[in-house]
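Reader: I would like to go through this model and ask on what grounds its features carry their names. Please show it first.

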Amino acid sequence: MTSTLTDDRAALDSLERRARQRPGEYGAHALIACESLVRIYQSEGIEVQALQGLDLLIDAGELVAIVGASGSGKSTLLSVLSGLDVPTAGRVRVGEWDLMAMTARERVTYRRSMVGFVWQQTARNLVPYLTAAENIAFPQALAGVRRAARRHRSTELLEALGIGYCADRRPVQMSGGEQQRVAIGVALANSPQIVFADEPTGELDTASSDEVLDALRAANRDLGATVVIVTHDSGVSEHVERTVAIRDGRTSSEVVRRTHTDEHGAEQVVAQEYAMLDRAGRVQLPQEYREVLELSGRVRLALEQSHITVWPDRTPTAAPDEAADPDVAEHVPTSEEPS
Ligand SMILES: Nc1ncnc2c1ncn2[C@@H]1O[C@H](COP(=O)(O)OP(=O)(O)OP(=O)(O)O)[C@@H](O)[C@H]1O
Ligand SMILES: [Mg+2]
């Protein structure tokens, strides 16, 4: 009896805590939380809206690809998240850091301790006259790490990224793919929580691209970094669990890949595509769906027990809940019909 009362009290307390947390706690569990992000560029009197109210949550430990057409706002988003650029409006939090409210000094600390960055241009990532090991030691020296510890970390990273044999080579003595893997080592040198990579395979052939993506996966899985990869290449989604598509400065859809074990014990990868519901409750219907059903302008929504239906506004006499409409009957699964 006493234990039941205690359980009830605990359940009540937990409900109360959840209710109190709710207001303003969008993405409280997430490592990266972007809410209604807007970035407007002004150039020569012309206004470009690079981010148009983007919402995105990324949890610690995730490996996420961000895909989208040229000009969709991918690099703008990464610049904001890596502390290089400040958005025009919205909210963006990474860990404990409020990226809208950081001072210049905090921004430097954030960039040194919290995030690592890999650029598309291999030449931009590495110091040309330093070897691979020295390149990885360099940011550690700036952070005040002692020589022996630097050397140990460089060796450890080069091994983890599969390029131990490149330790004493300078960039010109390495392939593009090897240079990008060293660049990942540089980004990881001071053990940041997050690594951002903007088109890291953009200058590489398929085989080298796969090696670089493997290295980013190792950074995620073996070294514990949260990894966000921006790319044009929709094929990258086959290498990651979660792919977020950006369109016109907003997140538009996601593909999530999960591994299932079937009844025979065999592992199967199942990819599922999702539309994104934004903070204001908006969802973008895929163009193919709209075309097939000739949906445009006004549509009618009907709440079902477990889902919502969307109706074209063509038959004003047939309300969605009229059982006489054969289409309605077809859309309601029998298991959900009241008995
Ligand atoms: N510094 C800037 N000044 C003015 N406009 C900019 C600036 N940077 C980006 N833009 C514009 O903002 C929009 C988004 O650019 P962004 O670089 O984020 O796109 P992207 O998705 O990374 O494209 P890509 O795949 O070509 O790299 C584009 O229309 C671009 O022209
Ligand atoms: Mg870009």
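**Ligand shell, hairpin and sheet**

Author: Helix α2 supplies three residues to the shell around ligand 1, the largest share. The model is a predicted one.

Reader: What makes a residue count as near the ligand?

Author: Its C-beta atom, placed from the backbone, has to lie within 6 Å of the molecule. The 13 residues around ligand 1 are counted on that basis.

Reader: How do the residues of the shell divide into nonpolar, polar and charged?

Author: Three are nonpolar, nine are polar and one is charged.

Reader: How do you know that β1 and β2 pair?

Author: A pair requires at least two bridges. Strands β1 (residues 32-43) and β2 (residues 46-58) are joined by 10 bridges and run antiparallel, so by that criterion they pair. One of the bridges sets Cys34 against Leu56 in β2. In the hairpin of these strands two residues lie between them, and Glu44 takes a positive phi near 50°.

Reader: What makes β4 a partner of β1 as well?

Author: The cut-off is again at least two bridges, and five join β1 to β4 (residues 89-94), so the two strands count as paired. They run antiparallel, with Ile32 opposite Val94 in β4.

Reader: Which strands form the open sheet, and in what order?

Author: Seven strands form it, in the order β6-β7-β8-β3-β9-β10-β11, with mixed pairing.

Reader: Why are β6 and β11 called edges?

Author: Each of β6 (115-118) and β11 (267-275) has a single partner strand, so one side of each is left without a neighbour in the sheet. From one strand to the next the twist averages 20°.

Reader: How do you know that β6 and β7 are partners?

Author: Four bridges link β6 to β7 (residues 194-198) in the parallel sense; at least two are needed, so the pair qualifies. Val115 stands opposite Ile194 in β7.

Reader: What packs on the sheet at β6 and β7?

Author: Helix α7 (residues 176-188) packs there, touching both strands, and its direction makes about 165° with that of β6.

Reader: Which strands does helix α8 lie across?

Author: Helix α8 (residues 206-221) lies across β3 (63-67), β7 and β8 (226-231), and runs at about 155° to β8.

Conventions. Residues are numbered from 1 along each chain as its sequence is written. Chains are lettered from A and ligands numbered from 1 in the order in which they are written. This is a predicted model: local features need pLDDT of at least 70, side-chain atom pairs count only at pLDDT 80 or more; totals for chains, interfaces and linings use all residues. Axes are lines fitted to C-alpha atoms, for helices over the stretch in contact, and angles run from 0 to 180 degrees between N-to-C directions. Two residues are in contact if their C-beta atoms, placed from the backbone, lie within 7 Å. Ala, Val, Leu, Ile, Met, Phe, Trp, Tyr, Cys and Pro count as nonpolar, Asp, Glu, Lys and Arg as charged, and the others, Gly among them, as polar.
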